[in-house]
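Please read the following note with the structure open beside the text. The points go from the whole chain to single residues.

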Amino acid sequence: MIDGEPWFCLPDVCSPLGLDPGQVVKRLDDEVVTIHPIPDRLGRKQNTRFNNEDGLYDTIIERRKPVSIKKMRGSAPMTGGAPSSLLR
């Protein structure tokens, strides 16, 4: 959550879709992407790209490679969004 709104880590969204976050961010509008610092394993702040819910859907819909639902189920759990029963 950033400012009370759900945001999704762009590399985590892109990974199961087989997408390069650097290329995806070029296709997304500026208002759906932000950079937010998060700590790494050593406690250092790392600037990471996040996209909001609209950007999440844009990323999934705009994907260029077919991905199986089974592979998507194995990815990180969703924060909000569709109930898990819809993914079964």
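The numbered points below describe the fold, the sheet, the core and a few individual residues.

1. The structure is a predicted model. Its chain contains four helices and three strands, and from the N terminus these elements follow the order β-α-α-β-β-α-α. The chain has 88 residues, of which 26% count as buried. Its accessible surface amounts to about 6,400 Å², and carbon and sulfur atoms hold 52% of that area.

2. Contacts across the sequence. Glu62 and Arg27 are 35 residues apart in sequence, and their C-alpha atoms are separated by 8.9 Å.

3. In what order do the three strands form the open sheet? The order is 1-3-2, with antiparallel pairing. Strand 1 (7–9) and strand 2 (33–39) are the edge strands; each has a single partner, so one side of each has no neighbour in the sheet. From one strand to the next, the twist averages 45°.

4. Pairing of strands 2 and 3. Seven bridges connect strand 2 and strand 3, which pair in the antiparallel sense. A student may locate this pairing through Pro39, which stands opposite Lys45 in strand 3.

5. Helix 3 against the sheet. Helix 3 covers residues 53–61 and lies across strand 1 and strand 3. Relative to strand 3, helix 3 runs at about 80°.

6. In soluble globular proteins, nonpolar side chains tend to be buried together. Here the largest nonpolar core has twelve residues: Phe8, Leu10, Val13, Cys14, Leu17, Leu19, Val24, Val25, Leu28, Val32, Val33 and Leu56. Helix 1 (10–17) and helix 2 (21–27) are the elements that give two or more residues to this core. The largest share, four residues, is that of helix 1. Val25 belongs to the core; apart from neighbours within four places in sequence, Val25 is in contact with Leu10, Val33 and Arg49.

7. The cysteines. How many disulfides does the model contain? The count is zero. Cys9 is in no disulfide, as the nearest cysteine sulfur, that of Cys14, is 9.0 Å away. A disulfide would require the two sulfur atoms to be within 2.5 Å. Cys14 is likewise in no disulfide, its nearest cysteine sulfur being that of Cys9. Are these residues buried or exposed? Cys9 has a relative accessible area of 17% and is therefore buried, while Cys14 counts as buried because its relative accessibility is 0%.

8. Thr48. This residue is found in strand 3, which spans residues 45–52. Thr48 counts as buried because its relative accessibility is 13%, and the cut-off for a buried residue is under 20%. Leaving out residues up to four places away in sequence, Thr48 touches Cys9, Pro11, Thr34, Ile35, His36 and Ile38.

9. Glu62. Where in the chain does Glu62 lie? Glu62 is in the loop between helix 3 and helix 4 (69–73). With a relative accessible area of 37%, Glu62 is partly exposed, whereas Thr48 is buried.

Definitions and conventions. Residues are numbered from 1 along each chain as its sequence is written. This is a predicted model: local features need pLDDT of at least 70, side-chain atom pairs count only at pLDDT 80 or more; totals for chains, interfaces and linings use all residues. Side-chain values use heavy atoms; hydrogens and water are left out. Buried means under 20% relative accessible area, exposed over 50%, partly exposed in between (1.4 Å probe, protein chains only). Contact means heavy atoms within 4.5 Å. A nonpolar core is a set of buried Ala, Val, Leu, Ile, Met, Phe, Trp, Tyr and Cys residues joined through side-chain atoms within 4.5 Å. Two strands pair if DSSP finds at least two bridges between them. Axes are lines fitted to C-alpha atoms, for helices over the stretch in contact, and angles run from 0 to 180 degrees between N-to-C directions. Accessible areas come from the Shrake-Rupley method with a 1.4 Å probe; for residues, only the protein chains shown count as cover.
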